[in-house]
Amino acid sequence: MTSTVIGAGITIEGEVSADEGIVVQGTIRGKLQVRDGLAIEAGAVVEADVDAGPIRVAGQVTGNLTSSDRVDLENGARVVGNVKATRITIADGAQFKGNVDMDV
Amino acid sequence: MANGSSETVLGKNVRIRGRISGDGDLVVQGSLEGDVTLRGDFTLDEGAEATSTITARGVVVAGALEGAIVADAEVTVTSSGRFRGDVRAAQVTIEDGAVFAGRLDAEFDLPPELMSEPGKRR
C-alpha cells in the first residue's frame, strides 16, 4: 500500500515530510512528518521528533511521537521520548521511557 | 519488493531536506534538497525534482536535477530528464529530448586519430 520505503542501508539526516505512508527500515535523524501511516520496523533507528497518522514501532526511536490517531509499540520496540496519541498500546517486550499524553 | 536487496523508494508525495547516505539503491519520485552519497544506484524518476550533489555508482535522471553528479559507472539523462550542473562519470548517456546544461567530464581515452590532431589546447 505504501510506496515509500526507507531501506535498511539508508541514512537520512534532515527533514522528511510526506503526504503518504512511510515504512522505515533504515536510519532517520532530524524531523519526520507523515500525513498517513508510519511503520518503524525492527532494525530501524529514528532519532527525530515524529508527527504522523497511525504509528507502529518495532524499532528504535529517540524523540517524541505525536500521532493524530494511534501509536502501537510492538515487541522489540525501544522508545525514549514522549508519546501523544488518542490511543496507545505497548506490547509485552516493548521498552518505553517517557510520558504518555492521551489528550483526554 | 525483494527483502534482501535494500532499495529505498521515496514516493511522489515525499519531500526531503537534508543529507542521504547509504549502501543500497535509491529511487526518488518526490522532491529532494540535499546531498546524496550512495554505494548503489540513484534514480530520479520522471516528475521528481532534486537540488543536490549526487555521488553514486550509477545515476539515472528522468526528472529535474540541479547540482552535480559524480558517478563510478554510467550516468543517463533520459528523454524526460532535465539536468543543470556538472557531471563526472565513467560513461555518460544523454538521450534525445533530454535537457542538459553544464559541464561533462567523462573519463575515456580519445581514439588515436583524435589524439594526433594538432588542435591541442594550451
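Analyst: Two strands pair if DSSP finds at least two bridges between them, a strand being a DSSP run (E) of at least two residues, numbered from the N terminus. This is a predicted model, in which local features need pLDDT of at least 70, side-chain atom pairs count only at pLDDT 80 or more, and totals for chains, interfaces and linings use all residues. Residues are numbered from 1 along each chain as its sequence is written, with chains lettered from A and ligands numbered from 1 in the order in which they are written.

User: Why are strand 6 and strand 9 of chain A called a pair?

Analyst: Strand 6 and strand 9 (residues 65-67) of chain A share three bridges in the parallel sense, and the definition asks for at least two, so they pair. In strand 9 of chain A, Leu65(A) is the bridge partner of Val50(A).

User: Which other strands of chain A run parallel to strand 6?

Analyst: Among them is strand 4 (residues 27-34), joined to strand 6 (residues 45-52) over seven bridges; here Arg29(A) stands opposite Glu47(A). Strand 8 (residues 60-62) is parallel to strand 6 as well, with three bridges, and Val46(A) faces Val61(A) there.

User: How many residues of chain B are in contact with chain A?

Analyst: 20 residues of chain B are in contact with 20 residues of chain A (C-beta atoms, placed from the backbone, within 7 Å). Strand 2 of chain B gives the most to this side of chain B, with nine residues.

Key: Two residues are in contact if their C-beta atoms, placed from the backbone, lie within 7 Å. Helices (H or I, at least four residues) and strands (E, at least two) are DSSP runs, numbered from the N terminus.
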